[in-house]
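Take a look at the sequence and the model first.

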Amino acid sequence: MSQLITLNAQTENSIASITENAWTYVKLPASQIEERKQAGKVVLFKLTGENTVSEVQIASTIIPATGNIIVPLTVFIARKSELQSRINLGEVGVWIDTHEIIDHLVEAQADLNELPIIAVHVERFADGRIFSLGTLLRTRYGYKNELRAFGDVLRDQLFFLKRSGFNSYLIRADRDAKDAIAGLQDFTKPYQGAVDDPRPVFQRYNRVAS
Amino acid sequence: MNMYKYDEIDQQIVNERVAQYRDQTRRFLAGELTDEEFRPLRLQNGLYIQRHAPMLRIAVPYGMLSSTQLHKLADIVEKYDKDYGHFSTRQNLQLNWPKLEDVPNILEELATVEMHAIQTSGNCIRNITTDQFAGVAPDEVVDPRAMAEVMRQWSTFHPEFALLPRKFKIAVSGTKEDRAIVQAHDIGLEFYKDTNNKIAIKVWVGGGLGRTPILGSVIREHLEGQHALTYCEAIIRVYNLHGRRDNAYKARIKILVKALGIEEFKRQVEAEWAHLKDAPNTITEAELTRVSQYFDNMPYADLSANDAGFDAAIASKPAFAAWAKRCVHPHKKAGYRALTLSLKPHGKAPGDATSAQMHLVAHLAENYSFGELRVSHEQNLILADVKLSDLSTVWEQARAAGLATPNIGLLTDIICCPGGDFCSLANAKSIPIAEAIQMQFDNLDYLHDIGEIELNISGCMNACGHHHVGHIGILGVDKDGSEWYQVSIGGKQGNDASIGSVIGPSFSAEEMPTVVQKLVDVYLQERTDEERFIDTVRRLGVAPFKAHVYAKNEVVA
């Protein structure tokens, strides 16, 4: 069964549905770089802006000739001319890792809304950069199309992902996506304004001191 | 009573949290969540897995409690724990022995009195702390509590900041003399009235204790009050994106601020804020007014500034006079006083209170202080609005319950973390050290003669006991598997905050009371009439103290 949850339009009765994935994730070939260690421990999180992809990896990434593809940001930037005709057809989305810089995407692709999907990959669920990335894509860069979270995506982060502007969620393969949907509704009336509703609670309701 | 009271929206959020956490616990126990996956979920609900049992930290927002809430907390420590709780340096209450399976039920009970454990731990915005005398202090310029409540709501389940690189602590203050150590926080907000008589904020960023103690830098001298939330969002966004996640010891915002330099950090924050300024999270007049109504003045009686009964009690009862000197504090309203109930009786774990003591304090609050009380970051309890004429009655009752040790601000009013007796992070025990020092200085006359001195103990470099800002700071360290104690002097909280200097090699637990005694001896010998311990240290430097402490077989002059 599909692991993809997609948020429904607000007019529908249920909040989200399990949908079929229509996109192929284009993967970089494995890196030759050794894992970084600190005090004997493997470093779990990459630094923001850290360059983790080699030119060889970019050049040797295999891009399928047809179909809808989500391309790693570094490949998208380096090989954009090769992809341009397919970008024009709406067949190309971008894969961003949480340590990558959105400005680099915007420099390469001025109109983000030419991309039907941006998928943010979170390697570890505890990496909260994904929430700022979603927020910036929606509020700063005006991105309106599908914004997907994939990678270590679990039920207990879905509510925050939804509020940060994500509208589809590829649940980690070993977890039940149907069960995870419930996480989107953990809270009914959140306090602060966020992407899904910029108005804080004091703008949405007439709160009167008792 | 003047405390924030939940409306349906607040109550629903807390109720939904109970349901959410109950289900998370169920899934963990059913094996549907791994240890690693459950960890941040339980931490953001204040639940640590500790040495003997889990530890649950209950939020006391900006340190304020009603007597109803304290009665409930007393019932909870009796029912789910070993009949006592520990008040912490973040003005919260910690249970040392709850069962993991019981936590959802504890939260459900807390929700009935508008309490919770939300974000009391984990890599998120923690409980916002402030001055324990907020609203009653004579030197207060702005009552910080309404803003603290607005910020509490804003920071609760803030989606963008749900999983930060590391914990994030905010303190707010609205007095001339800072009592909230705003400079030792990730963000410190100092409220004041600007030239237009409007609430303005001096914003400090990048302070923090822990492994790398740093006092904060001023990022903005003047911020209009309504921008508090959006400006904090700009700061925390820069931190969330650029803070170091690769090394937990370098993940606090202070490391980022130091690496970039305050000017570059400020540039990035201001660039971010240019987009956020005046966004819908800007605080409206209406909202600040709504929340401020909960913190209106108490229905004070018009009283004379003096009370004959009080004066007579002072004259006839030396023990009462000693207590009043240390534990009674000025109040903005004539005829009223704030008072501190010491949770530092000599020889007991600092900050601990039994359920019977908690019930008694709740009754005292009901009968003498409008049903409201506070927890201080020095780990004592405060009754903020007591009539001068009631003080001796309150003292009698507090004394009978062991809550009237006249040591507030003195050497035995020790700030102390739970340490190696309870905490799995600790390198060394801290409570037995505190107890031994208290017994060394058990003579009250001598204690009063030594005068104001702050002694803070942390069992590890995470610095929950704020040892860096203690006039005397003691840090538990691990050397080859045994427990040692490093001593620093010259730290201070307040407007002229400073980080203490280590005096030399560390000591064994048995040596500690003598070491403190020797530090005090040097002070007593060298002080001028006006000097407190910290003043003498600042005047003379570390050298004479060090020389005496490490001298061999020296005879004290």
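Where in chain B does Ile181(B) lie? Ile181(B) sits in the loop that runs between β6 (170-173) and β7 (187-193) of chain B. Please keep in mind that this is a predicted model.

Most residues other than glycine have a negative phi. Ile181(B) has a phi near 40°, a positive value in a residue other than glycine. This isoleucine counts as buried because 24 C-beta neighbours lie inside 10 Å.

Asn197(B) also has a positive phi, near 65°, and is likewise a residue other than glycine. Its loop is the one between β7 and β8 (199-205) of chain B. Is Asn197(B) buried or exposed? Asn197(B) counts as exposed, because the number of C-beta neighbours inside 10 Å is 7.

**A buried histidine in another loop**

His467(B) can be found in the loop between β16 (455-458) and β17 (472-479) of chain B. Why does His467(B) count as buried? There are 32 other C-beta atoms within 10 Å of His467(B), so this histidine is buried. Leaving aside residues up to four places away in sequence, His467(B) touches Asn456(B), Ile457(B), Ser458(B), Gly473(B), Ile474(B), Leu475(B) and Ser488(B). As for Gly122(B), 345 residues separate it from His467(B) in sequence, and the C-alpha to C-alpha distance is 22 Å.

**Helix α7 of chain B and its cover**

Helix α7 of chain B spans residues 253-260, and its buried residues are Ile253(B), Lys254(B), Ile255(B), Leu256(B) and Val257(B). Just after α7(B) comes Gly261(B), with a positive phi of about 85°.

**A helix pair towards the end of the tour of chain B**

Now for helix α16 (residues 512-526) and helix α18 (residues 543-550) of chain B: their axes come within 9 Å and cross at roughly 130°. That angle makes α16(B) oblique to α18(B). The crossing of these two helices, α16(B) and α18(B), is right-handed. On the α16(B) side, the contact is made by Val515(B), Lys518(B), Leu519(B), Asp521(B), Val522(B) and Glu526(B), while α18(B) brings Pro544(B), Phe545(B), His548(B) and Val549(B). By type, the residues of the contact of α16(B) with α18(B) are six nonpolar, one polar and three charged.

Stepping back, here are some overall values for each chain.

| Property | Chain and value |
|---|---|
| Secondary structure | Chain A: eight helices and 10 strands |
| Secondary structure | Chain B: 18 helices and 19 strands |
| Span of the C-alpha trace along principal axes | Chain A: about 65 × 50 × 35 Å |
| Span of the C-alpha trace along principal axes | Chain B: about 65 × 60 × 55 Å |
| Buried residues | Chain A: 40% of 210 residues |
| Buried residues | Chain B: 57% of 557 residues |

How does the radius of gyration of chain A fit a compact globule, and what value does chain A have? A compact globule with 210 residues would have a radius of gyration near 17 Å, and the 18 Å of chain A agrees with this. For chain B, with 557 residues, a compact globule would have a radius of gyration near 24 Å, and the 23 Å of chain B agrees as well.

Contacts between residues at least 6 apart in sequence tell us about the range of the pairings. In chain A, 62% of such contacts join residues at least 24 apart. In chain B, 68% of such contacts join residues at least 24 apart.

**Where the chains meet**

How many residues of chain A are in contact with chain B? On the chain A side there are 37 residues, in contact with 38 residues of chain B. Three helices of chain A, α5 (129-139), α6 (158-163) and α8 (201-204), each supply at least two residues of the side that touches chain B. α5(A) gives the most to that side, with four residues. Sorted by type, the side of chain A that touches chain B has 17 nonpolar, 11 polar and nine charged residues.

How values were computed. Residues numbered from 1 in each chain as written. Chains lettered and ligands numbered in written order. Predicted model: local features only at pLDDT ≥ 70, side-chain atom pairs only at ≥ 80, totals over all residues. Rg over C-alpha atoms; globule rule 2.2 N^0.38 Å. Buried ≥ 20, exposed ≤ 12 C-beta atoms within 10 Å, placed from the backbone. Contact = placed C-beta atoms within 7 Å. Axes fitted to C-alpha atoms, helices over the stretch in contact; angles between N-to-C directions. Parallel < 35°, antiparallel > 145°, perpendicular 65-115°, else oblique. Left-handed = near helix turned anticlockwise from the far one by under 90°. Nonpolar A, V, L, I, M, F, W, Y, C, P; charged D, E, K, R; others polar.
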